[in-house]
Amino acid sequence: IRSTKADLASRPKTQAKVTDLLAANLLKGVIELGREIKRENYDICCSVGLYANLVAGLTGTLRSYTTKFIGSEHFATSPLLSNFAKPYFRLLLPLIKVAYRRLNGLIFVSDALREAFIENNNFNPSRCVTIYNPIPDNSRYKKEIKPSEKKVILGLGILEERKRWDLLIEAFALLTKELDCVLLIGGTGRLEKSLHNLTEHLKIESKVKFLGYVTEPQNVLVQ
């Protein structure tokens with residue numbers, strides 16, 4: 001379940017089948033997801049993030065499906081984890097909790113997030129599991145980029161505001177005054193053009209290379 005066009009655009013069609021629910025609001029999202037599940041009869045519906053978890057949980061609440069709904073939490077700033085949620089999220093909190101309790105399970109990216117969620121929401125620990133981001137064995141990957149004597153800084157991820165790529169680029173601009181280095185940025189997103197413009201404004205465009213979507217990040221990491 002994707003909530004922005006940028007998220008949709010960042011997933012190449014060769015990597016996954018992406019269905020845009022065309023959901024302009026929460027209610028329509030629930031209706032469209034229900035239709036999608038009924039049509040395709042999925043075994044598992046895995047949602048990522050607050051909005052998607054809310055849609056999935058409410059879909060499972062309003063009707064009985066054989067599909068298992070698995071949610072996930074990645075950020076400590078989730079309204080269900082933090083005390084500084086935005087006012088409109090506070091108003092939705094009872095509805096959010098109802099939706100989350102309908103989920104068959106929840107995945108967390110760290111034990112700290114899992115424990116905080118269980119403590120704050122009196123959630124059944126048996127339905128919560130931690131799956132850390134994997135760290136692969138890089139020895140089997142080939143090198144794609146020619147070795148350089150320069151220091152190389154690598155950033156990988158979706159080019160969205162929450163990742164604060166602007167801070168990385170501005171910090172890198174300061175570093176270039178002291179060190180011979182290059183910056184590689186792998187990923188796509190709606191900030192790509194503005195980040196290009198930022199490198200030009202800081203006069204470091206020759207030292208920053210945008211790799212686009214990286215299908216095998218391990219091949220870059222081994223450098």
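The legends below describe close-up views of a predicted model.

**View 1. The whole chain, by its elements.** The protein chain holds eight helices and seven strands. It has 223 residues, of which 37% count as buried. Take the contacts between residues at least 6 apart in sequence: 65% of them join residues at least 24 apart.

View 2. The strands follow the order 1-2-3-4, and their pairing is parallel. Strand 1 (44-46) and strand 4 (128-130) stand at the edges. Each has a single partner strand, so one side of each lacks a neighbour in the sheet. From one strand to the next, the twist averages 25 degrees.

**View 3. The pairing of strand 1 with strand 2.** Strand 2 covers residues 68-73. Three bridges link strand 1 and strand 2, in the parallel sense.

View 4. Helix 3 (residues 50-62) lies across strand 2 and strand 3 (105-108). Helix 3 runs at about 155 degrees to strand 2. Helix 5 (residues 111-121) also packs on the sheet. Helix 5 touches strand 2, strand 3 and strand 4. The direction of helix 5 makes about 160 degrees with that of strand 4.

**View 5. Helix 2 packed with helix 3.** Two packed helices are described by the angle between their axes and by the distance between those axes. For helix 2 (residues 26-40) and helix 3, the angle is about 65 degrees and the axes are 9 Å apart. The crossing is right-handed.

**View 6. Residues at the contact of helix 2 with helix 3.** Helix 2 contributes Leu26, Gly29, Val30, Leu33, Gly34 and Ile37. Helix 3 contributes Tyr51, Leu54, Val55, Ala56, Leu58, Thr59 and Leu62. By class, ten residues of this contact are nonpolar and three are polar. No charged residues take part.

**View 7. Thr176 in its loop.** Thr176 sits in the loop between helix 6 (165-175) and strand 6 (181-186). A polar atom of the Thr176 side chain lies 2.6 Å from the backbone oxygen of Ala173. Leaving aside neighbours within four places in sequence, Thr176 is in contact with Cys181, Ile204 and Lys207.

How values were computed
Residues are numbered from 1 along each chain as its sequence is written. This is a predicted model: local features need pLDDT of at least 70, side-chain atom pairs count only at pLDDT 80 or more; totals for chains, interfaces and linings use all residues. Side-chain values use heavy atoms; hydrogens and water are left out. Helices (H or I, at least four residues) and strands (E, at least two) are DSSP runs, numbered from the N terminus. A polar contact is a pair of N or O atoms within 3.5 Å; within protein, one must be able to donate a hydrogen and the other to accept it, and residues adjacent in sequence count only if both atoms are side-chain atoms. Contact means heavy atoms within 4.5 Å. Two strands pair if DSSP finds at least two bridges between them. Axes are lines fitted to C-alpha atoms, for helices over the stretch in contact, and angles run from 0 to 180 degrees between N-to-C directions. A crossing is left-handed if the near helix is turned anticlockwise from the far one by less than a right angle, and right-handed if clockwise. Ala, Val, Leu, Ile, Met, Phe, Trp, Tyr, Cys and Pro count as nonpolar, Asp, Glu, Lys and Arg as charged, and the others, Gly among them, as polar. Buried means under 20% relative accessible area, exposed over 50%, partly exposed in between (1.4 Å probe, protein chains only).
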